[in-house]
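Below are some questions and answers on a single protein chain. Please look over the sequence and the coordinates before reading on.

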Amino acid sequence: MFAIGLQVPGVFPLTERYDDGSYTLWLHDTAVTSWTTADWEPGRTQYEVVQSGPRRLWDEVEAARRWWDGRGRPGFDRFGLTVTPDGQTAWLDRPDNPVPLLG
């Protein structure tokens, strides 16, 4: 979630849990123009995803997850932050390796 949050700014998750162990994951952007939802059920390996709006939030989250997986699933200790008067940049392992923004 941390790596995804760095790459997909302005997106908030909401989870609705059900008695049978399943849940619905909702993602929406702060502009309230885009959203996505997916239903998770125990024992399933594929899930239907619905998304709407100008941002393809699920696509962004999937790309961020692939980026994180491709770097060995780094933990918090491998990330850093550089703050200057002009802004801030999150990085992985060293300041010259910025975390890409997807959203």
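Q: Which residues is Leu57 in contact with, leaving aside its neighbours within four places in sequence?
A: Contact means heavy atoms within 4.5 Å. This is a predicted model, in which local features need pLDDT of at least 70 and side-chain atom pairs count only at pLDDT 80 or more, while totals for chains, interfaces and linings use all residues. Residues are numbered from 1 along each chain as its sequence is written, and side-chain values use heavy atoms, with hydrogens and water left out. Beyond those neighbours, Leu57 contacts Val11, Leu27, His28, Asp29, Ser34, Trp35, Thr36 and Gln51.

Q: What distance separates the end C-alpha atoms of helix 2?
A: The expected span is 1.5 Å times one less than the number of residues. For the 14 residues of helix 2 this gives 20 Å, and the distance between the end C-alpha atoms agrees, at 20 Å.

Q: Is Tyr47 buried or partly exposed?
A: Tyr47 sits in the loop between strand 3 (35-40) and strand 4. Not counting residues up to four places away in sequence, Tyr47 touches Asp39, Trp40 and Glu41. Because its relative accessibility is 28%, Tyr47 counts as partly exposed.

Q: What is the phi of Arg73?
A: Arg73 lies in the loop between helix 2 and strand 5 (79-84). At 47% relative accessibility, Arg73 is partly exposed. Although Arg73 is not a glycine, its phi is positive, about 55°.

Q: What is the phi of Asp93?
A: Asp93 belongs to the segment after strand 6 (87-92), and it is partly exposed at 41% relative accessibility. Asp93 is not a glycine, yet its phi is positive, about 75°.

Definitions and conventions. Helix = DSSP H or I, 4+ residues; strand = E, 2+ residues; numbered from the N terminus. Buried < 20%, exposed > 50% of the residue type's maximum accessible area, 1.4 Å probe, protein only.
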